[in-house]
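Subject: A structure for you to look at

Hi there,

Here is the structure I promised to pass on to you. Have a look at it first, and then read my notes below.

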Amino acid sequence: MTFRARMASFLPPLLPLLLSIAVAETVVRMAWVPSYLIPAPSEVFHSLVDDRIELALAAWETLSSALAGLVLSFAVGTLFSVALSSSDLARRAFYPYAVFFQTVPIISIAPLLVIWFGFGRPTVVASAAIVSVFPIIASTLLGLKSTEPALVDLFKLYSATGRQTLWMLKIPFALPQIFSGLRIASGLAVVGAIVGEFIGGGGLGSVVDSARTQQRIDRVFAAVLISSLLGIVLVGAVNLVSSLSLSSWHTSERKSS
Amino acid sequence: MNSIPQLGQSASGAAIFCENISRTFTGTGLVLDRISFQIQPGEFVALLGPSGSGKSSLLRLIAGLDRADSGRLAIEAAHGALSRGFVFQEPTLMPWRNVLRNTTLPLELVGWSRDNANVRAEEELRRVRLADFSARYPHELSGGMKMRTSVARALTTRPNLLLLDEPFAALDEPTRHGLQMQLREIWATLRMTVLFVTHSVTEAVFLAERIIVLSHRPARILLDESIALPPSRTEALRTSVDYITEIRRIGNAVPTVAEGL
Amino acid sequence: MSIVLFLLVALTLAFPAAAAQSAPVNLQFALNWKAEPEFGGFYAAKLAGYFEKRGLNVDITEGGAGTPVVQMVANSKVPFGIAAADEVVIAQARGADVVALFAVYQTNPQGIMVHPERGFKSIADVFNSPGTLAIQNGSPHTLFLQAKFGKAKVKLVPYAGGIATFLTDPSYSQQCFVTSEPLLAKKKSVAANSFLIADEGFKPYGTVVVARRQYVEKNPKQTRNFIDAVRDGWQEYLRAPQNANGLMVKLNPAIDADTMREAAEVQRPFIIAANAPAQDLGKMTLDRWTTLANQLYDIKLIKTKPAAERLFQNF
């Protein structure tokens, strides 16, 4: 891509960001808005720089917990979906309970998690897993159910076993959906990890908690920015795996030829 | 389905005994109304009828993908166990596999080793003249090439009964004509029983030795006759008088407007 | 006739003036938590009419987790509020001119609550033994203790309020108000020992009344009246807490009458020394504020040390 073309793709999303930073900085400097409502972007930047080691360590801790939670919810969610996809009765019986994981407010069950799993990582990982499992179940189930009927017939024609149909047909066919669900789940896993850390301790959650106590809004913003970054990192990782697996064949990954 | 002719063996045809077959679908009602016919091993039969006449349903019954509500359906292989091949209306290739791996699928499902499967698949791909494309993926192929892959896939198990459900309907005319010729050649070489569903009179007359015409739903047999044309079909035939006469004859029996010449 | 007229005019002229004189000033007083013995004196002042008799109509509003009382006072949303002493120092360090006027607790009741079976003799023991200690992340007392004891052997976990985990987990210790949580635990038949953080050298005044300096300078009489009423109220509450407790039980059903009574009793020595004169209620010293400012600076909670004189004003 030429320099010009590269600029053309970078600039549009960058401009609103630069504009809002300029506005926020002015508004706070001129005291039009009290500094405990919005921190000046320059203060947030200083926070990021001054506390970079602490933030980096905390971010690493949150990221690893979120990743562990994501792996856990992926394993459980996929198994659950595969089991439900093979039996209509099972699906009708158990799917409504899966919806519960979507709607349960994690901030209110987090204290329960501490009682069950103790302080520290186990609670954080559990929280990340609970919050991220539903999109995986919903997408995987959808993917497994939407197998092209003619292909199902083809497998039936050759008397394929259930297992062959599952591994050679249904799962590869469902991969685009599965990745779609994973993408959504990865952002949620970071949120779940941070909420878990509020109650269970550690990572960026405890940075936010402590900053809140000290009313250091700039630190809160800095931590929030970093946690968004974590979400982006995880989604990026999913995208990487997705493009490697799907690049040879799926329209979503292929560059138009 | 386990004693598929091994490498080197040739297939034989299957016989189909169809007696008073009826099938009703909820919502649609009676689709097949006491269908009876017999097909001898190695015959090339076209199943002709208007859209929605239930000919695809009949084909699925014969393929074993569905069960009749009443009547008797018996399919026997001339020797050994029965083996079916099916070519769908859409190529139905698995987009995550290349041409070779799509073709080897039936053999994988019945437990052949990867090497043996590849040998047999390559043979069939040569037969449909796609041997150079075995590493390509379906999205890189034209419609006609995808259909040929689908045919090659159906042939890997050396079926003694080959079922095709309007396979060339979505292709342009030159491709369609080319594939029709290829199908005839394959049949001439392998001599399996072929049951070819179509709504095109010209296609049915060109390909088959015998045509069964179905009515509108609920389908009954309107015509079951041999085609008076020479056994070796060539492109020249398409413009011959005999061909057009047969088209007229059959066309009159088909309940809706016959395909224009 | 003219006399009647004269009298009428005189009366109508007199009334507004009189009305102006006797019309009470409406003031809002924002607490930073729900009604409990910690605020008993204020409710006692209201009930006994100490505010009214000085021409003040005070509306005491309860607070909850995260109520930003210092910000509300600094931004003139309310004239008077309750805050922790360290909040005053931090506000001043950030340029908000908020000043402390009255301290409820001379001895800060902030403490660490432990299970007696652990055999701890001091907070140092808690820090140097296995188990878990729940303290508020980033709080001044937390930072102070962490600075004092260094790398803790005990696992520090977030403090989420309440005593639920303490009741069920024998290896769990937590921060507390020694006048409150240990009593609640005892009620649930769980024994608890507590240690004062003040004994470790961190002794901010507890529960201080705050106002904007600008407000105090513009309304000196009103401020004096307010603080005098508060002092009288606390005297009354120390003498006879029943009335105020009765009101607070209605306002805050989370604490029952018995616990209110006990807590009011237990907190006495923290409010004032046994034989100190009533005049001293709530008064603060420069020394203690100076120490607090130094300590907060040392634990890096503030980047600049505010002048200690500006932090408080005795009335």
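Below is what I found, going from one chain to the places where parts meet.

Please keep in mind that this is a predicted model.

Let's start with chain A. It has 10 helices and zero strands, so if you walk along the sequence, the pattern reads α-α-α-α-α-α-α-α-α-α. The C-alpha trace of chain A spans about 75 × 55 × 30 Å along its principal axes. Chain A has 257 residues, and 40% of them count as buried. If you take the contacts in chain A between residues at least 6 apart in sequence, 75% of them join residues at least 24 apart.

Next, where chain A meets chain C. Here 13 residues of chain A are in contact with 12 residues of chain C. On the chain C side, strand β7 (residues 155-158) gives the largest share, with three residues. By class, that side of chain C has four nonpolar, seven polar and one charged residue.

Now for the inside. In soluble globular proteins, nonpolar side chains tend to be buried together. The largest nonpolar core here has 148 residues, and those with the most contacts inside it are A66(A), A189(A), V88(C), A100(C), V208(C) and V210(C). Helix α6 (residues 121-145) of chain A gives the most to this core, with 14 residues. Why does the core lie between domain 1 and domain 2 of chain C? Both domains give residues to this core, so it lies between them.

Leaving aside neighbours within four places in sequence, A66(A) is in contact with A128(A), A189(A), V190(A), A193(A), L230(A) and L234(A). Another core, of 72 residues, lies apart from the largest one, and I21(B), A152(B), L183(B) and M192(B) are among its residues.

Last, the two domains of chain C. Domain 1 covers 24-108 + 204-311, and domain 2 covers 110-200. Their centres, taken over C-alpha atoms, are separated by 25 Å. Which domain gives 14 residues to the contact, and which gives 11? Domain 1 of chain C gives 14, and domain 2 of chain C gives 11. On the domain 1 side, α12 (257-271) and α13 (286-298) of chain C each supply at least two residues. α12(C) gives the most to that side, with six residues. By class, the domain 1 side has seven nonpolar, five polar and two charged residues.

Enjoy exploring!

Best wishes

Notes. Residues numbered from 1 in each chain as written. Chains lettered and ligands numbered in written order. Predicted model: local features only at pLDDT ≥ 70, side-chain atom pairs only at ≥ 80, totals over all residues. Helix = DSSP H or I, 4+ residues; strand = E, 2+ residues; numbered from the N terminus. Buried ≥ 20, exposed ≤ 12 C-beta atoms within 10 Å, placed from the backbone. Contact = placed C-beta atoms within 7 Å. Nonpolar A, V, L, I, M, F, W, Y, C, P; charged D, E, K, R; others polar. Core = buried A, V, L, I, M, F, W, Y, C linked by C-beta atoms within 7 Å. Domains from an automatic or database assignment.
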